[in-house]
Amino acid sequence: MTQFASVPGARLAYEIAGAGDPPMVFVHGWCCDRSYFALQVSHFSASHAVAVVDLRGHGESDGPAPGPGAYDIAVLADDVLAVAAAAGLGQPVLVGHSLGALVGLVCAARPGAIRALVMVDPAPITNEAAKAFFLDSVDAVRADDDRSWRTAFVKGMFLPTDVARRQAIIEEFPAMAPGIAADVLRAMGEFDGAAVLGSATVPVLSIGSAGPANSAADLRQACPAITIGQTVGAGHFIQLEVPDQVNAMIERFLTVTGLSAG
């Protein structure tokens, strides 16, 4: 059942399920929504209290007017922590896909905010060329009224063998208002992910796709204690394409960090 939490300037949609410690909060990627973590919610709610949220401007959440700071990564992090509090899930394990991983990084650098961070094929953190491409593409996205730019972009996120929700994702991805999509893209391009990763105060796991945006060596340079995993045979939407691999890595990470019984 959809619930809503009020934050400054927006009302955010979320769902909760399950019971058990540690609680977990799942945060989707750019131009996606909370349904992209449905398979993880189903799996982990068997033994954990979980919440899954629509970021502002996405899914059923409100989309405040684009403008300076309206969609900064830190603002999105504030939103997610507000939803966690509203759901009664204090100090959760945060699992973020793509953009959601950047949101999780901000939370991970705030002492006491979360217990651990799982980044699922994170958006560019240490990849400066990709971040520069994002910034160079902001105007194109803002003018993408016919959805052609974003359609071409999302088609490049799949391996030829990917099948999970492929056509639905291609159709849904460019549906967001172009101005909001552009503001979020700018925020990702401007985000100093390497510095924030280096400030993480909790255990961090990064699970890459077959072609991750960030090299394992660069992530380790920014955060020597990071745990690195990589899935086999899946493009960017690994949590949908190979959920068994992703879920198993998260389960093992929780065990080795002492956050869950083995």
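How many cavities of 30 Å³ or more does a search of the whole structure find? The search finds one, and this tour reaches that cavity at its last stop.

The model is predicted, so local features need pLDDT of at least 70 and side-chain atom pairs count only at pLDDT 80 or more, while totals for chains, interfaces and linings use all residues. Residues are numbered from 1 along each chain as its sequence is written, and side-chain values use heavy atoms, with hydrogens and water left out.

**Helix H3**

Please select residues 99–108, which form helix H3. Helices (H or I, at least four residues) and strands (E, at least two) are DSSP runs, numbered from the N terminus. Ten of the ten residues of H3 are buried, where buried means under 20% relative accessible area, exposed over 50% and partly exposed in between (1.4 Å probe, protein chains only).

**The nonpolar cores**

A nonpolar core is a set of buried Ala, Val, Leu, Ile, Met, Phe, Trp, Tyr and Cys residues joined through side-chain atoms within 4.5 Å. The largest has 69 residues, and those with the most contacts inside it are Trp30, Ile73, Leu99, Leu105, Ile114, Met188 and Phe237. H3 gives the most to this core, with eight residues. Another core, of 22 residues, lies apart from it; Leu205, Ile207, Ile238 and Phe253 are among its members. In soluble globular proteins, nonpolar side chains tend to be buried together.

Next, select Ile114. Contact means heavy atoms within 4.5 Å; not counting residues up to four places away in sequence, Ile114 touches Leu81, Gln91, Pro92, Leu94, Gly104, Cys107, Ala108 and Val202.

**The cysteines**

Cys107 is one of the buried residues of H3, with 0% relative accessibility. Its sulfur is 15 Å from the closest cysteine sulfur, in Cys223, and therefore too far for a bond. The structure holds zero disulfides, a disulfide being a pair of cysteine sulfur atoms within 2.5 Å. At Cys32, the closest cysteine sulfur is that of Cys31, 6.9 Å away and too far for a bond.

**The largest pocket**

On a 1 Å grid over the protein atoms alone, a cavity is a set of points where a 1.4 Å probe fits but cannot get out, and a pocket is an open set with protein on both sides within 12 Å along at least five of seven lines; lining residues have an atom within 4 Å of a point. Select Asp121, Phe153, Met157, Ala213 and His236, which lie nearest the centre of the largest pocket among its 28 lining residues. About 420 Å³ of space lies in this pocket. Grid points are joined across faces, edges and corners, and a volume is the space filled by probe spheres set on the points.

Phe153 is found in helix H5 (residues 148–155). Not counting residues up to four places away in sequence, Phe153 touches Trp30, Phe133, Phe134 and Phe173.

Ser209 lies in the loop between strand E7 (204–208) and helix H9 (216–222). At 2% relative accessibility, Ser209 counts as buried. Among the residues that Ser209 touches, not counting those up to four places away in sequence, are Asp121, Gly235, His236 and Ile238.

Finally, select Phe158, Asp162, Ala164, Gly235, His236, Phe237, Ile238 and Glu241, which line the largest cavity. About 30 Å³ of space lies in this cavity.
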